[in-house]
Amino acid sequence: MVGGIVSLVFEWSALAALTETPGTGGRLRAAPEDFRVEEVPAYPLSGEGEHLFVHLEKTGHTTAHVLRELGAQVGVRDRDVGVAGLKDRHAVTTQWISLPAKYEERLAAFDLAGVRVLETRRHGNKLGLGHLRGNRFVVRVRDAAGTAEQAATTLALLAAHGIPNYFGPQRFGLKGLNAEEGLRVLRGESRLRDPRVRRFLTTSVQSLVFNRFLSLRLERGLFDRLLAGDMAKKHDTGGVFLVEDAAAESPRAERGEVSATGTLFGKKVKPLTLDAGELEREALAAFGLTPEVFASRRGDRRLTRVFPEQTEVRPEEDGYTVAFTLPKGSFATSVLREVMKTDVDTAGDPDEGDEDTE
């Protein structure tokens with residue numbers, strides 16, 4: 001903190017953890033196959049229609065790079081390709097993309113080292129960004145000082161109580177510096193012109209404020225409780241409602257039925273009010289920001305807590321393998337940080353996140 005302002009550089013140490021169990025330590029991504037991500041589709045494919053859905057497995061490539069190569073080799077335009085989410089290159093990942101069915105014959109000639117077409121199916125609609133249920137992660141942790149039993153204990157707590165839905169270091173780029181340039185974009189001080197890059201950089205500023213807001217909730221014992229003025233979300237239906245009586249609604253949060261949301265600031269989203277609003281303003285002030293700086297963004301709401309499902313831990317000779325499924329928009333690193341108690345993936349990746357990006 002300099003002059004009362006918190007650093008814009010991502011650091012796990014600045015974010016409160018939920019669990020106090022022993023961390024296992026260990027090393028990630030010794031090889032791409034140590035980190036596997038499988039996209040979980042939002043809906044079944046009909047088997048007929050004007051769009052060809054292509055199930056891809058890729059290693060060592062970002063999704064954007066694969067799509068560029070696909071366009072160059074097959075001739076499909078960027079705007080005609082559908083994708084639900086972006087996947088990290090430092091992993092073995094599977095995901096669906098869509099393209100007009102007229103390119104089906106040309107697809108047979110597509111050839112890119114590290115990329116395989118697993119299957120194709122027809123569907124009536126183009127795949128849209130965010131059209132996925134979540135992602136299944138299978139992660140090998142090597143050279144762990146702790147045991148698989150310790151990892152399983154922590155993972156069971158997270159499955160029962162939820163994980164802090166932090167944006168992971170992938171959102172903040174190489175060395176966690178994206179938010180610094182993102183703030184220059186928001187203030188009109190950046191020379192960058194690529195709209196996609198500008199948009200990605202500004203999301204890192206939104207994400208940084210959200211992380212601060214969530215960390216404050218953990219520090220003050222509010223992770224599984226609600227405040228007056230919170231906009232809470234029902235986990236079963238997705239409905240969002242204003243919390244007026246925090247004492248009456250907090251038992252539902254303690255049972256995991258509802259959770260608070262945080263604001264990703266923008267012109268289409270109103271800031272929180274009452275006690276929750278005070279906490280949100282504190283998070284903004286930590287970076288010397290106000291809601292008005294985000295006027296160029298659309299804005300959104302994000303759950304402060306999500307629940308990992310289908311959790312598994314398997315002992316390995318030099319560590320363990322952990323597996324879990326998360327809803328879309330959530331980062332595997334938020335789970336691994338709690339289990340390992342290390343600065344997981346702090347170096348980040350300047351290209352894409354390891355789950356989806358929103």
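This is a predicted model: local features need pLDDT of at least 70, side-chain atom pairs count only at pLDDT 80 or more; totals for chains, interfaces and linings use all residues.
Let me begin with the overall picture. The secondary structure comes to 8 helices and 14 strands, and the radius of gyration is 21 Å, close to the 21 Å that the globule rule gives for 358 residues, so the protein is as compact as a globular protein of that length. Along its principal axes, the C-alpha trace spans about 60 × 50 × 40 Å. Buried residues make up 53% of the 358 residues, and among contacts between residues at least 6 apart in sequence, 82% join residues at least 24 apart. As for charge, there are 49 positive and 53 negative charges, and their mean positions are 5 Å apart.

I would now like to turn to helix α8, which covers residues 332-340 and is mostly covered, with 9 of its 9 residues buried. Those buried residues include Arg 337 and Glu 338, along with Val 335, Leu 336 and Val 339. Which elements do the buried residues of α8 pack against? They pack against the strands β1 (35-41), β6 (132-142), β7 (163-164) and β14 (319-327), and also against helix α3 (148-161).

Just after α8 comes Lys 341, which takes a positive phi of about 60° although it is not a glycine. As background, most residues other than glycine have a negative phi. Lys 341 counts as partly exposed because its relative accessibility is 31%, a value that falls between the 20% and 50% limits. Asp 143 is a further case, with a positive phi of about 55° although it is not a glycine either; its place is in the loop between β6 and α3, two elements that the buried residues of α8 pack against. Asp 143 is partly exposed, with a relative accessible area of 46%.

My last topic is the salt bridges, of which the count comes to 18. In general terms, side chains of opposite charge can pair when their charged atoms come close. The side chains of Asp 88 and Arg 29 meet in one of these bridges, at 2.9 Å from N to O, and this pair links distant parts of the chain, with Asp 88 in the loop between β3 and β4 and Arg 29 in the segment before β1, 59 residues apart. Both Asp 88 and Arg 29 are buried.

Glu 104 forms a salt bridge with Arg 122, where the closest N and O atoms are 3.2 Å apart; here helix α2 holds Glu 104 and strand β5 holds Arg 122, 18 residues apart. Are these two partners buried or partly exposed? Glu 104 is partly exposed at 34%, and Arg 122 is partly exposed at 30%.

Asp 230 and Arg 217 also meet through their side chains, at 2.8 Å from N to O, with Asp 230 in the loop between α5 and β8 and Arg 217 in helix α5, 13 residues apart. Asp 230 counts as buried because its relative accessibility is 0%, and Arg 217 counts as buried at 1%. Finally, salt bridges that share partners join Asp 34, Arg 140, Arg 142 and Asp 318 into one network.

Conventions. Residues are numbered from 1 along each chain as its sequence is written. Side-chain values use heavy atoms; hydrogens and water are left out. Buried means under 20% relative accessible area, exposed over 50%, partly exposed in between (1.4 Å probe, protein chains only). Helices (H or I, at least four residues) and strands (E, at least two) are DSSP runs, numbered from the N terminus. Contact means heavy atoms within 4.5 Å. A salt bridge is a side-chain nitrogen of Lys or Arg within 4 Å of a carboxyl oxygen of Asp or Glu. The radius of gyration is taken over C-alpha atoms; the globule rule is 2.2 Å times the number of residues to the power 0.38. Lys and Arg count as positive and Asp and Glu as negative; His and the chain ends are not counted. The place of a charge is taken as NZ of Lys, CZ of Arg, CG of Asp or CD of Glu.
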